[in-house]
Amino acid sequence: MRILIVEDDERLARGMDASMSASGFAVDVVATGEDALDVLASEIYNAVILDLGLPDIDGLEVLQSLRAGGNATPVLILTARDGVSDRIAGLDRGADDYLSKPFHPRELESRVRALIRRSQGTADPVLRVGELSLDRSTRVVELGRCTLDLRRREMAVLETLMGRPGKVVTKQCLNSEVFNFADAVAPNALEVYVGRLRRKLMPGGPTIRTIRGLGYMLEAG
Ligand code: CA
């Protein structure tokens with residue numbers, strides 16, 4: 001899951017980046033409305049966290065221009081505690097949810113996850129493929145009755161594959177959901193995570209097939 005944080009308060013942005021990254025999101029951060037529109041024109045995100053008070057273009061304008069351009073990425077706006085009129089204006093302009101500052105990092109995370117689930121047309125947080133289940137709220141992965149111990153990036157790769165079982169997921173798509181701009185990614189990083197996942201899914205779990213030249217496909221075991 002890849003998200004964009006648009007926030008000019010450096011401390012707050014760093015805090016959100018740290019907590020969202022720790023829970024497995026690939027996070028990019030920009031500090032201006034201009035930069036936000038730039039990256040949103042070229043990159044695909046699962047959700048955007050948008051502060052309204054930005055130094056250049058107002059967050060509401062960023063949102064409006066995004067929606068006017070047909071971009072339907074879920075957007076959660078960050079508003080001041082008493083910013084009722086901002087919240088209403090934001091929702092009217094196509095925001096999907098809002099959070100008032102200050103907020104708890106865990107609330108931000110669970111709202112973003114809920115937004116992404118709704119945008120994918122499923123309210124059920126649990127992904128299932130054969131005997132394997134991944135709970136997107138609790139981040140617990142189970143194979144049959146055993147809980148699997150997965151690292152953050154392994155979880156991100158698996159979540160992406162489980163979202164499209166039986167379909168080819170390209171390496172490009174996986175890379176963009178697992179790594180952010182700032183990650184110094186070794187050329188074979190993805191292969192390494194897939195290799196570890198395969199070992200952890202053995203025996204009895206779904207199979208991650210390599211589709212040569214294209215990417216990977218998860219098949220029920
Ligand atoms: Ca601000």
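Visitor: How many residues of domain 1 and of domain 2 are in contact?

Guide: One begins by listing the residues on each side. In this predicted model, 16 residues of domain 1 touch 11 residues of domain 2. Domain 1 spans 2–120 and domain 2 spans 126–219. Their centres, taken over C-alpha atoms, lie 26 Å apart.

Visitor: What area do domain 1 and domain 2 bury between them?

Guide: The two domains bury about 1100 Å², with 44% of it on carbon and sulfur atoms. On the side of domain 1, the residues that lose the most area to domain 2 are Arg 2, Arg 113 and Arg 117, which together make up 38% of what that side buries.

Visitor: Which elements of domain 1 give two or more residues to the side that touches domain 2?

Guide: They are helix 1 (10–22), strand 2 (26–30) and helix 5 (105–119). Strand 2 provides the largest share, 3 residues. By residue class, this side of domain 1 has 6 nonpolar, 5 polar and 5 charged residues.

Visitor: Which feature does UniProt place at residues 124–220?

Guide: The unreviewed UniProt entry gives "domain: OmpR/PhoB-type" there. Over residues 124–220 the chain is 33% helix and 28% strand, and the end C-alpha atoms are 19 Å apart.

Methods:
Residues numbered from 1 in each chain as written. Predicted model: local features only at pLDDT ≥ 70, side-chain atom pairs only at ≥ 80, totals over all residues. Heavy atoms only, no water. UniProt positions renumbered as here; feature names shortened; annotations may be inferred. Helix = DSSP H or I, 4+ residues; strand = E, 2+ residues; numbered from the N terminus. Domains from an automatic or database assignment. Contact = heavy atoms within 4.5 Å. Buried area = accessible area lost by both parts, 1.4 Å probe. Nonpolar A, V, L, I, M, F, W, Y, C, P; charged D, E, K, R; others polar.
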